[in-house]
Amino acid sequence: MRKEEIRVKGTVQGVGFRPTVYRLAKFCGLKGDVCNDGEGVLIRVAGSEEKITEFVDKLYQECPPLAKINKLIRSSYLGDFDFDDFVISHSVNTVVKTEISPDAATCSQCQKEIFDPFSRYFRYPFTNCTHCGPRLTIIRAIPYDRNHTSMVKFPMCGDCNTEYEDVENRRFHAQPVACFKCGPSAWLERADGQPVIADMFSMLDDVDAVCTLLQKGEIVAIKGLGGFHLACDATQETAVKKLRERKRRYHKPFALMARDINIISEYCYVSDLEKTLLTSPAAPIVLLNIKPEKQVAISVAQGQNTLGFMLPYTPLHHLILRRMNCPIVLTSGNISDEPQCINNEDAKEKLGKIADYFLLHNRDIVNRVDDSVVRVIDDKIQILRRARGYAPAPIILPSGFEKVAPILAMGSELKNTFCLLREGEAILSQHLGDLENAAGFNAYQETLNLYLNLFAHKPEIIAIDKHPEYLSSKLGKELATSNEIKLIEIQHHHAHIAACMAENKIPLDAKPILGIAFDGLGYGEDGTLWGGEFLLADYQKFQRIATFKPVAMIGGEQAIYQPWRNTYAHLQTAFNWEEIKQKYADLEIIKFIEQKPLKLLNQMIEKGINTPLASSVGRLFDAVAAAIGICREECSYEGQAAIEMEATANVNILNKDEETINYPWKIEKLDRIYYIDPAPMWEGILQDLKQQISPSEIAAKFHISLAIVITEIVKQLTQEHKINQVALTGGVFQNRILLEQTTKHLQKLGIEVFTHSIVPANDGGLSLGQAVIAAARCMR
């Protein structure tokens with residue numbers, strides 16, 4: 001008889017892994033035990049070598065749906081072995097090296113039970129099992145046991161405890177298991193503090209009443225899984241406009257939730273892959289192309305050609321939407337620019353003037369987690385916001401990163417995440433939003449402290465962005481100084497490229513590749529702002545070999561929210577303004593700019609007052625959008641002009657002869673760096689405007705011509721540097737048209753193209769790049 005110890009690492013706690021081990025061990029006739037500990041799951045077995053091997057094979061084959069085995073290590077067991085059968089032992093507290101499972105959408109079995117009048121879970125809004133339910137949002141410590149979660153204050157009743165202890169039950173050791181008798185409860189309150197009158201509703205309970213309220217045009221704040229949402233009927237324009245005005249979110253698209261795929265399909269086209277994403281345990285918001293025949297309220301996503309839909313992912317949502325035959329808006333429950341509310345009293349204080357009613361519950365949300373956002377481009381998944389359903393599942397790093405010091409990477413300023421790196425894997429936090437206001441920065445620090453404690457992570461190196469004013473960088477410096485930890489500053493666009501390399505499994509010792517990083521802004525090595533970069537890069541270093549001609553950002557940050565400033569800066573850089581006025585005086589954009597204080601703006605540029613130079617492609621998109629009449633005066637969120645221009649672009653011209661739809665660009669070399677000068681492109685746009693070519697056609701031509709000039713310069717650079725791999729990264733490459741066109745042209749040249757799929761191309765993936773660069777520079 002052989003005795004073995006089997007160590008299993010991965011997502012193996014709170015996902016029904018131990019019951020599976022138990023069942024398979026019994027099937028194979030093995031003796032021993034299984035338990036959770038800080039490193040994952042530990043199995044001790046005794047039996048023939050043949051049977052133990054069969055057991056391990058079945059463990060891989062029949063792994064539970066939410067579990068993931070990253071590593072399984074078999075070794076001889078030499079200790080005492082006093083087992084006459086196979087049993088499940090209590091968890092052991094050891095050094096934490098295991099993973100935390102992301103929150104998972106309600107499984108089909110639990111869905112069936114909450115609508116079954118004969119089930120004891122009928123209409124229970126917190127039904128869950130080992131295949132679904134809360135994980136990250138309720139956990140305070142590892143191992144993932146009930147006493148380490150916010151469920152600790154709800155002792156199990158006899159019936160729940162029986163299921164919890166029954167190894168044959170899918171709720172065996174499901175830590176949040178509960179029912180009406182012993183678990184959390186939900187209730188409805190009016191925002192004005194007056195009592196809710198039950199008779200006014202046709203309802204089964206308070207949760208069902210929410211549906212009636214939404215149908216009547218009311219706004220309801222709903223406490224969900226990882227925070228509060230604000231909901232209203234998405235087909236009622238009055239309700240949606242009221243929500244926009246009260247929340248002061250004037251333009252950014254609202255997310256939608258619908259009862260089922262059939263309802264979503266009435267409003268949007270849904271491919272097989274998009275359906276798979278919608279119905280997956282992650283249940284993200286999926287951006288879908290709009291159908292013309294049936295529309296939601298115009299204020300849901302004005303100026304867009306996509307809608308962000310998700311399906312119900314908790315029993316609470318399923319129950320609310322049971323009678324709802326149209327989509328609802330389900331947007332973050334927060335004051336504009338602040339984090340989601342997660343506490344009942346805080347929500348009532350902050351959302352009381354937005355919502356008419358509150359659906360509350362008494363299960364504490366320990367960890368704020370927003371909804372993830374994804375889209376499909378060229379049959380490939382692109383994550384735009386990585387949060388609920390994905391975080392904090394680890395990202396397995398490429399070969400070469402197995403033995404690195406523990407690292408903490410602090411991320412950026414906008415769309416922030418942080419990253420913990422250890423032993424060949426990276427744990428990326430959920431999307432934490434912008435750190436520009438105090439509430440957002442406080443939430444960032446709270447989540448960082450929670451992760452450091454959850455994973456017992458003691459970094460030996462801290463990586464930060466080089467921008468001296470980023471709050472995340474300032475905090476990183478403070479932590480490094482106070483804890484005497486090595487600090488490494490990482491260039492913004494190098495981090496973008498390294499993140500793309502890491503998720504595409506490019507090994508640590510690989511030769512440099514060409515990274516193309518286009519975004520809004522990043523602090524450059526020369527003290528200017530970068531954002532249109534071609535870098536020859538590996539994980540340790542980079543060389544800037546091409547960029548866009550820098551243009552002044554007039555007014556600094558104001559240029560992000562007033563796109564016309566970028567248009568004027570580009571035109572004033574490319575041409576003599578007096579000649580432009582004479583030649584194109586009748587154009588709306590010229591008339592518009594002439595109304596601005598140009599003398600003052602010119603003085604600012606000449607004297608360098610709040611007009612930093614930037615090579616930003618993001619600002620170039622803004623400039624073109626304003627020129628053709630999109631968000632000309634102002635934007636209410638960063639990237640609005642570029643997003644609406646993408647939606648405006650007439651994709652029907654994409655298959656036309658490129659000679660007729662390509663704006664020219666100028667490429668020149670100075671001090672060993674190629675510069676892309678858009679001046680000829682601007683001449684083409686102004687001529688098209690003069691010829692009254694439609695904004696949709698100009699927008700499409702701009703996208704196509706940008707992809708073509710990228711291809712031209714890549715062809716030159718890859719030949720000069722003898723490389724054949726290109727990474728496309730940065731927030732600008734979330735643009736579907738640009739990404740598809742650029743990828744197509746590069747692949748025609750035989751170039752291997754890497755893009756993002758598991759971390760965002762925007763700053764949400766930056767901390768991963770910072771972490772792997774720091775690791776590469778500090779290998780033991």
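Student: Why is Asp-356 called buried?

Tutor: In this predicted model, Asp-356 has a relative accessible area of 18%, and since buried means under 20%, Asp-356 counts as buried.

Student: What makes the pair of Asp-356 and Lys-242 a salt bridge?

Tutor: The closest N and O atoms of Asp-356 and Lys-242 are 3.7 Å apart, and a salt bridge requires a side-chain nitrogen of Lys or Arg within 4 Å of a carboxyl oxygen of Asp or Glu, so the pair qualifies. The two residues belong to distant parts of the chain, 114 residues apart, with Asp-356 in the loop between α10 (344-351) and β13 (357-361) and Lys-242 in helix α6 (residues 237-247).

Student: Which term describes Lys-242, buried, partly exposed or exposed?

Tutor: Lys-242 has a relative accessible area of 23%, and because partly exposed covers the range between the 20% limit for buried and the 50% limit for exposed, Lys-242 is partly exposed.

Student: How do you know that Lys-26 forms a salt bridge with Asp-85, and what does the pair tie together?

Tutor: The closest N and O atoms of Lys-26 and Asp-85 are 3.0 Å apart, which is within the 4 Å cut-off. Lys-26 lies in helix α1 (residues 17-27) and Asp-85 in the loop between β4 (68-76) and β5 (86-88), so the pair ties together parts that are 59 residues apart in sequence. Lys-26 has a relative accessible area of 36% and is therefore partly exposed, and Asp-85, at 36% relative accessibility, also counts as partly exposed.

Student: What makes Arg-171 and Glu-163 count as buried, and how do their side chains meet?

Tutor: Arg-171 has a relative accessible area of 1% and Glu-163 has one of 15%; since buried means under 20%, both terms follow. Their side chains meet in a salt bridge, at 3.7 Å from N to O, and Arg-171 and Glu-163 belong to a network of salt bridges that also links Glu-113, Arg-120 and Arg-170. Side chains of opposite charge can pair when their charged atoms come close. A search of the whole structure finds 49 salt bridges.

Student: Why is helix α15 called roughly perpendicular to helix α19?

Tutor: The axes of α15 (residues 564-574) and α19 (residues 617-627) come within 7 Å and cross at roughly 100°. Because angles of 65 to 115 degrees count as roughly perpendicular, α15 is given that description relative to α19. The contact is made by Trp-564, Asn-566, Thr-567 and His-570 of α15, together with Arg-619, Leu-620, Asp-622, Ala-623, Ala-626 and Ala-627 of α19, and by class it has 5 nonpolar, 3 polar and 2 charged residues.

Student: What makes strand β3 largely enclosed by the rest of the structure?

Tutor: Strand β3 (residues 40-47) has 7 of its 8 residues buried, so the rest of the structure largely encloses this strand.

Student: How do you know that β3 pairs with both β1 and β2?

Tutor: Two strands pair if at least two bridges are found between them, and β3 is joined by 7 bridges to β1 (residues 2-11) and by 7 bridges to β2 (residues 31-37), so both pairings pass the criterion. Each of these pairings is antiparallel. Lys-3 has Ala-46 as its bridge partner in β3, while Val-34 has Ile-43, and β2 and β3 form a hairpin with 2 residues between them.

Student: Why are β16 and β21 called edge strands?

Tutor: An open sheet of 6 strands, with mixed pairing, runs in the order β16-β19-β18-β17-β20-β21, and β16 (395-396) and β21 (486-490) each pair on one side only. Strand β20 (residues 461-465) is parallel to β21 and joined to it by 5 bridges, with Ala-463 standing opposite Ile-488 in β21. Helix α25 (residues 766-777) packs on this sheet, and its direction makes about 120° with that of β21.

Student: How do you know that Leu-587 is buried?

Tutor: Leu-587, found in the loop between α16 (577-584) and α17 (588-594), has a relative accessible area of 8%, which is under the 20% limit. Leaving aside neighbours within four places in sequence, Leu-587 is in contact with Leu-686, Leu-689 and Lys-690.

How values were computed. Residues numbered from 1 in each chain as written. Predicted model: local features only at pLDDT ≥ 70, side-chain atom pairs only at ≥ 80, totals over all residues. Heavy atoms only, no water. Axes fitted to C-alpha atoms, helices over the stretch in contact; angles between N-to-C directions. Helix = DSSP H or I, 4+ residues; strand = E, 2+ residues; numbered from the N terminus. Parallel < 35°, antiparallel > 145°, perpendicular 65-115°, else oblique. Contact = heavy atoms within 4.5 Å. Nonpolar A, V, L, I, M, F, W, Y, C, P; charged D, E, K, R; others polar. Buried < 20%, exposed > 50% of the residue type's maximum accessible area, 1.4 Å probe, protein only.
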